[in-house]
Amino acid sequence: MPYLNTQEAETKLELLSLQYPALCRLVQLTNITYEGRTSHALILRTGSRVKRPGVYLVGCLHAREWGSADLLLYLAETLLISYTNNTDVTLIGATFTADKIRSILENVELIIFPVVNPDGRTYNQESGISWRKNRAPTSQAGVLGTDINRNFNFLWDYPQYFLPGTYPASTNPQWETYYGTAPFSEAETKNVKELADLHPNIRYFVDVHSAGQLLLYPWGDDTNQTNDPLMNFRNSSYNAMRGNIDDTTYSEYMEQVDLTRYQNTSNRLKLALQQVRSKQYTPGPTSTTLYIVSGASLDYMYSRHIVDRTKRKIDTFLIEWGQAFQPAYSEMTEIIMDVSSALIELCLTAQELPLTNKTPDPLDFKTIQLGTTKTIQLRLDNLGIGAVELFNIQIQGTGFSINLTTLGPIQEGDHSFIPVTFVPPANGPATGKLIFKFRKPGVTTEDIADVQLLAAGCSVPKGSCTAPVFSPSNWFVCLLLAIAAPAVILGMLILIWIPGMLCALKRFIFRVQHCTQGNDNPCIVLIKYTLWPLSKRNN
Ligand SMILES: [Zn+2]
């Protein structure tokens with residue numbers, strides 16, 4: 001059996017969606033390739049569970065690595081057949097029971113995008129010319145092709161971020177690692193991002209490549225370090241210093257908990273792969289296991305939650321299968337089993353990961369008057385499979401405090417709260433961070449998350465008349481208030497000789513004027529010193 005051509009791969013994807021409509025559905029991507037091809041992905045899930053971790057698999061970003069498409073289609077079909085017939089999956093020496101396969105389809109959402117770069121793959125298969133990139137025009141007339149795996153938005157513009165003389169990509173359109181005209185300039189890269197944006201539940205991303213028998217994880221721009229959080233890809237003071245793995249001037253920061261999880265998970269994939277026919281794949285970070293890269297899919301997908309706090313953390317892996325781009329198909333068939341074993345194992349691992357959602361983030365205390373205290377509840381939702389527990393809850397930042405260090409277990413689908421208190425230490429803004437680790441009880445896999453804390457302290461001269469603190473009202477309530485206001489003001493003016501009435505009048509007018517906006521600042525002074533001491537108003 002030969003490799004599938006690109007049209008056959010697309011047809012196969014559609015066929016699976018028609019054969020197993022209760023287990024999967026076909027999704028059409030919105031970005032059409034330069035040669036006019038429409039791309040598709042297959043989403044596998046069944047059963048009643050609504051919230052579930054997503055596992056996102058992509059292949060053929062690089063044109064000549066044909067087998068990635070065959071591999072991902074084989075995996076999809078194998079899972080669908082096993083689920084339908086309730087049979088075990090046997091991959092030479094590796095076996096997954098029917099129950100395990102069932103758990104994947106019923107607990108995980110599997111998103112499979114086998115041919116990201118159909119133009120390049122078709123060109124390579126039809127012309128026989130070795131080709132890596134897509135087939136779209138570049139900044140240089142007559143020169144075609146951008147390297148899709150250098151076109152993601154992570155340190156994309158490498159000449160400003162990396163040490164001069166290092167080449168994590170290329171600015172030259174004639175090179176195989178040409179980075180494109182902008183991050184996400186290519187339809188193929190946009191399509192990979194689109195599926196990630198559409199599925200905020202994604203917890204794992206795997207980019208399937210060839211060759212070298214490697215199991216890679218971030219980072220790709222430099223060596224990993226876990227000591228200095230400020231030494232990171234967003235810190236411009238390290239520009240032009242990244243990319244030399246032999247020096248200590250720059251290393252990319254990763255939380256120790258994340259690094260440990262990457263090491264454990266990649267080892268687990270390695271062992272599952274080894275079960276098939278004892279092939280040895282080497283796990284490790286991209287930068288030190290393969291070479292340095294910029295604009296790569298793994299680093300982009302893993303960095304999304306750091307750049308945008310509303311996004312879920314995605315653990316990312318890149319598998320470099322086999323020893324050649326296009327091995328004989330008899331060998332490819334066995335490589336397909338090697339890698340499928342690792343990917344099925346990853347889907348089982350996804351069910352052991354704790355999944356939480358934290359709201360609000362940032363936790364904003366607004367402005368607090370010195371000498372007073374405010375407590376806000378941070379809400380934690382358990383979105384994972386089974387219970388979750390929080391431990392090692394810590395707080396950073398002067399003035400912020402918590403009175404617990406562990407929380408839970410929180411049952412599946414349930415939520416809990418962490419009360420966070422702020423006592424302003426001084427006038428002016430204050431920032432802090434709430435950090436917590438979490439896991440499923442009895443499972444060793446740990447994760448870490450943090451919540452930003454924002455606040456400000458303020459003070460007023462003693463005896464001042466201050467503006468009231470209140471929430472915004474809708475326009476109808478404010479209209480009624482405005483209609484009633486003249487009569488109220490007139491009444492207050494008649495009684496203005498009563499101590500405190502002037503302040504009450506000022507506060508009432510402020511309330512009417514700011515009715516739709518509300519006010520969260522307790523230190524707006526309306527009258528600096530009142531003639532008579534006021535009893536403290538409690539807002
Ligand atoms: Zn590749």
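**Ground rules**

I number residues from 1 along each chain as its sequence is written, and I keep in mind that this is a predicted model. Local features need pLDDT of at least 70 and side-chain atom pairs count only at pLDDT 80 or more, while totals for chains, interfaces and linings use all residues, and side-chain values use heavy atoms, with hydrogens and water left out.

**Confidence and overall build**

I looked up pLDDT, the predictor's confidence in each residue on a scale from 0 to 100, and found an average of 95 for the protein chain, with 98% of the residues scoring at least 70. Residues 533–539 have a pLDDT below 50, and beyond near neighbours in sequence this stretch has 7 contacts in the model, where contact means heavy atoms within 4.5 Å. Where pLDDT is low, the predicted coordinates should not be read in detail.

I then noted 12 helices and 23 strands in the protein chain; helices (H or I, at least four residues) and strands (E, at least two) are DSSP runs, numbered from the N terminus. The C-alpha trace spans about 100 × 55 × 45 Å along its principal axes. Of the 539 residues, 53% are buried, with buried meaning under 20% relative accessible area, exposed over 50% and partly exposed in between (1.4 Å probe, protein chains only). Among contacts with a separation of 6 or more, 75% are between residues 24 or more positions apart.

Histidine 62 is buried at a relative accessible area of 3%, and histidine 209 is buried at 2%.

I traced 8 strands in an open sheet of mixed pairing, in the order S1-S2-S6-S3-S7-S12-S8-S11; two strands pair if DSSP finds at least two bridges between them. Strand S1 (24–28) and strand S11 (282–285) are the edges, each pairing on one side only. Neighbouring strands are turned by 20 degrees against each other on average, direction ignored. Strand S8 (residues 214–217) runs parallel to S11, joined by 4 bridges, and leucine 214 has threonine 282 in S11 as its bridge partner.

Helix H2 packs on this sheet, touching S1, strand S2 (40–44), S3, strand S6 (109–113), S7 and strand S12 (315–321), and its direction makes about 145 degrees with that of S3. Axes are lines fitted to C-alpha atoms, for helices over the stretch in contact, and angles run from 0 to 180 degrees between N-to-C directions.

Is glutamate 77 buried or partly exposed? This residue lies in H2 and counts as partly exposed at 21% relative accessibility. Not counting residues up to four places away in sequence, glutamate 77 touches Lys12 and Leu16.

Glycine 128 follows H4 and has a positive phi, near 80 degrees.

Threonine 46 sits in the loop between S2 and S3 and is buried at 14% relative accessibility. Leaving aside neighbours within four places in sequence, threonine 46 is in contact with Ala22, Leu23, Arg52, Tyr83, Leu105 and Glu106.

**Later strands**

Strand S13 (residues 356–359) and strand S15 (residues 374–382) run antiparallel, joined by 4 bridges, with asparagine 357 opposite aspartate 381. S15 also pairs with strand S19 (residues 415–422) in the antiparallel sense over 8 bridges, where threonine 375 has threonine 421 as its bridge partner.
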